[in-house]
Amino acid sequence: MTQDEYRPVLVDEITLASLSPEEVFIVDHTEVCPTLPRKYYKLMIPDIDITLCDQCGHFFLRDEYDFAYLEHGGCPVCHSKEISSEEN
C-alpha cells in the first residue's frame, strides 16, 4: 500500500467509546494551536507495548522510549522531562 492509497478509518463517538482505553491514544495539541483537531489512534497490535509522548505526540516502542529517557533524561524527540500519562 502506498501513501496515496492509505485512508484513515473514521468512526463515530459511539464506536470510539466502545474501544478499550488501553488501545486508544489521544494526541491533543489544542493548547498550542486551538485549530488543530484531537486525533485518536487505535493500537492495532495489542502485544506491542507502545507509549506516546504527551508533549510532542510521537509514538515509541516502550522499551526504546524508556532507554532513551534514562540515557538522555527526557523524550528523545522533544526532550520533555514529563513522563507520558499513557500506561499502555
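Trainee: What should I know about the numbering and the model?
Mentor: Residues are numbered from 1 along each chain as its sequence is written. The model is predicted, so local features need pLDDT of at least 70, side-chain atom pairs count only at pLDDT 80 or more, totals for chains, interfaces and linings use all residues, and side-chain values use heavy atoms, with hydrogens and water left out.

Trainee: In what order do the elements of the protein run from the N terminus on?
Mentor: Helices (H or I, at least four residues) and strands (E, at least two) are DSSP runs, numbered from the N terminus. The protein has two helices and four strands. The order is α-β-β-β-β-α.

Trainee: What percentage of the 88 residues is buried?
Mentor: Buried means under 20% relative accessible area, exposed over 50%, and partly exposed in between, with a 1.4 Å probe and protein chains only. The C-alpha atoms fill a box of roughly 40 × 35 × 30 Å along the principal axes. Of the 88 residues, the buried share is 24%.

Trainee: What share of the contacts with a separation of 6 or more comes from residues 24 or more positions apart?
Mentor: A contact means heavy atoms within 4.5 Å. Among contacts with a separation of 6 or more, residues 24 or more positions apart account for 34%.

Trainee: How many aromatic pairs does the structure hold?
Mentor: Rings of Phe, Tyr and Trp (its six-membered ring) pair if their centres lie within 6.5 Å; planes under 30 degrees apart count as stacked, over 60 as edge-to-face and the rest as tilted. By that rule, the number of aromatic pairs is four.

Trainee: Why is the pair of F25 and F59 edge-to-face?
Mentor: The ring centres are 5.4 Å apart. The planes stand at 85 degrees, so the pair is edge-to-face.

Trainee: Which strands does that pair link, and how many residues apart are F25 and F59?
Mentor: The pair links distant parts of the chain. F25 is in strand β1 (residues 24-27) and F59 in strand β4 (residues 59-61), with a sequence separation of 34 residues.

Trainee: Is F25 buried or exposed?
Mentor: F59, its partner, has a relative accessible area of 34% and is partly exposed. F25 has a relative accessible area of 2%, so F25 is buried.

Trainee: Which aromatic cluster includes Y41?
Mentor: Y41 and F59 form an edge-to-face pair, 5.2 Å centre to centre with 75 degrees between the planes. Y41 lies in strand β2 (residues 39-42) and F59 in strand β4, so the pair ties together parts 18 residues apart in sequence. Y41 is partly exposed at 35% relative accessibility. The cluster is F25, Y41 and F59.

Trainee: How far apart in space are Y6 and Y41?
Mentor: Y6 sits in the segment before α1 (13-18). Y6 is partly exposed, with a relative accessible area of 49%. Y6 and Y41 are 35 residues apart in sequence, and their C-alpha to C-alpha distance is 15 Å.

Trainee: How many salt bridges does the structure hold?
Mentor: A salt bridge is a side-chain nitrogen of Lys or Arg within 4 Å of a carboxyl oxygen of Asp or Glu. By that rule, the number of salt bridges is three.

Trainee: What parts does the bridge of K42 and E23 tie together?
Mentor: The side chains of K42 and E23 meet at 2.9 Å, N to O. K42 is partly exposed at 37% relative accessibility, and E23 is partly exposed at 22%. The residues are 19 apart in sequence, so the bridge ties together strand β2 and the loop between α1 and β1.

Trainee: Where do R38 and D28 lie?
Mentor: Their side chains form a salt bridge at 2.9 Å, N to O. R38 is partly exposed at 47% relative accessibility, and D28 is partly exposed at 34%. The two are ten residues apart, and each lies in the loop between β1 and β2.

Trainee: Which helix does the bridge of D49 and R62 reach?
Mentor: The closest N and O atoms of D49 and R62 are 4.0 Å apart. D49 is partly exposed at 37%, whereas R62 is buried at 11%. D49 lies in the loop between β2 and β3 (50-52), 13 residues away in sequence from R62, so the bridge reaches helix α2 (residues 62-72).
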